[in-house]
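This briefing sets out selected local features of one model. It is intended to be read beside the sequence and the structure.

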Amino acid sequence: KVDPMALVETYTKSYFDDMDALNCLRPDISPRATGHIPEQIELVTTLLAKGYAYEGNGSVYFDVSKFPDYGKLSGRKVDELESGARVEVNPDKKNPVDFALWKKAEAGHILRWNSPWGWGFPGWHLECSVMSMRYLGETIDIHGGGLENAFPHHDCEIAQSEAANDKPFVKYWLHNNMVTVDGVKMGKSLGNFITLKDAFAKHHPLAIRYFVLTSHYRSPLDFSEEAVEAAAKGLERIHNAVAAVRAALEGAEELAGDDGRLLDEIEGFRKRFEEAMDEDFNTPQAIGVLSELVRWTNTLLAEGGAGAAVLEKLSSTFDTLGGDVLG
């Protein structure tokens, strides 16, 4: 008996609270699908006019046979999809694999809007294309999402967007893999899930962030208390090194001698870090470089003799790599 928008506000606030705790910068715009119904109707109208869609009993479907590249992201072939389609075929569809752009709403449906095809609501995929086009343009650079969204969700987004605009929809797809617990996929049905708020009750949010970054985003992330505790220790080592550099800076003086060589070594760490991040966001490797820089810094400080220029460079490098990028 909760109004849908009340539910939305509750979970939106909860999500942003968690992202704030993890030190994720907020988006400039957080559009709502329900706030863009006119644009979604407009996209359906465009696809109908271009012959990529058809009406069926108050609903509108995308005709996959008209888009030869359907499935190009996931690698699924249409004939394989048809042979694997469920036995109970929807009589309103021309092909079993056609997907809904607009769905007829039966009387009493909790979310419904008026449209040229009667009262209904958008299909699952429509909102993403519409909001991307509205705020980011017809071609966007990066599209994220879970690995399980590649098919059908992202394949459908590509089909409807590229059919409407006659240009590529996305340049780079970043699909993150599953979270597992002791090697088993985390999920509500198995009862083995933990929320971020549960995790924050035991661990500092930045330790959780560090833990996530120790696994490549395309690889499964296996959650355990031991793994997060190890991440917390790794993060503490970085923080301690940064604190030591800043303390040394307070009384540091300009020194001649080996400053040039040391500055070059610090620059070498930065370049290796950037190479790791440029290689498909390889955060585990980038953290490895940062950890090496921590050891190198601790040795340098223990031996003494680092001048102000070197300490300044170290401090700014930690700020950039550990703060601006990974932080």
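The points below are grouped by topic, after a note on conventions.

This is a predicted model, in which local features need pLDDT of at least 70 and side-chain atom pairs count only at pLDDT 80 or more, while totals for chains, interfaces and linings use all residues. Residues are numbered from 1 along each chain as its sequence is written, and side-chain values use heavy atoms, with hydrogens and water left out.

- Strands (E, at least two residues) and helices (H or I, at least four residues) are DSSP runs, numbered from the N terminus.
- Two strands pair if DSSP finds at least two bridges between them.
- Strand β1, residues 53-56, pairs with β2 in the antiparallel sense over four bridges, and Gly56 stands opposite Ser59 in β2.
- The hairpin of β1 and β2 has two residues between the strands, and Asn57 in this hairpin takes a positive phi near 55°.
- The pairing of β2 with strand β3 (residues 99-104) is also antiparallel, over three bridges; here Phe62 stands opposite Phe99 in β3.
- Strand β2 (residues 59-62) is covered on both faces, with Ser59 and Tyr61 buried on one side and Val60 and Phe62 buried on the other. Buried means under 20% relative accessible area, exposed means over 50%, and partly exposed lies in between (1.4 Å probe, protein chains only).

**The sheet of β8, β7 and β9**

- Three strands form an open sheet of mixed pairing, in the order β8-β7-β9.
- The edge strands are β8 (184-185) and β9 (221-223), each of which pairs on one side only.
- Strand β7, residues 179-181, pairs with β9 in the parallel sense over three bridges, and the bridge partner of Val179 in β9 is Leu221.
- Val184 is found in strand β8 and is partly exposed, with a relative accessible area of 41%.
- Between Val184 and Arg112 there are 38 Å in space, C-alpha to C-alpha, at a separation of 72 residues in sequence.

**Helix α5 and the residue after it**

- Of the 16 residues of α5, 14 are buried, so that the helix is mostly covered.
- Pro152 is found in helix α5, which spans residues 150-165, and a cis peptide bond with omega of about 0° joins Phe151 and Pro152.
- Asp166 follows α5 and lies in the loop between α5 and β6 (170-176).
- Although Asp166 is not a glycine, its phi is positive, at about 55°.
- Asp166 counts as exposed because its relative accessibility is 58%.

**The loop between α9 and α10**

- Phe281 lies in the loop between α9 (259-278) and α10 (283-303).
- Phe281 has a positive phi of about 55° although it is not a glycine, and it is partly exposed, with a relative accessible area of 44%.

**Surface charge**

- Asp182, Asp222, Glu226 and Glu229 gather in a patch of negative charge on the surface.
- Patches are made of residues with over 30% relative accessible area and no salt bridge, with like charges joined within 9 Å; a salt bridge is a side-chain nitrogen of Lys or Arg within 4 Å of a carboxyl oxygen of Asp or Glu.
- Glu226 is found in helix α8 (residues 225-250) and counts as exposed because its relative accessibility is 59%.

Key: Patch = residues over 30% accessible without salt bridge, like charges linked within 9 Å, V, L, I, M, F, W, Y side chains within 5 Å. Areas by Shrake-Rupley, 256 points an atom, 1.4 Å probe, with all protein chains shown as cover. Lys, Arg positive; Asp, Glu negative; His and termini not counted. Charge placed at Lys NZ, Arg CZ, Asp CG, Glu CD.
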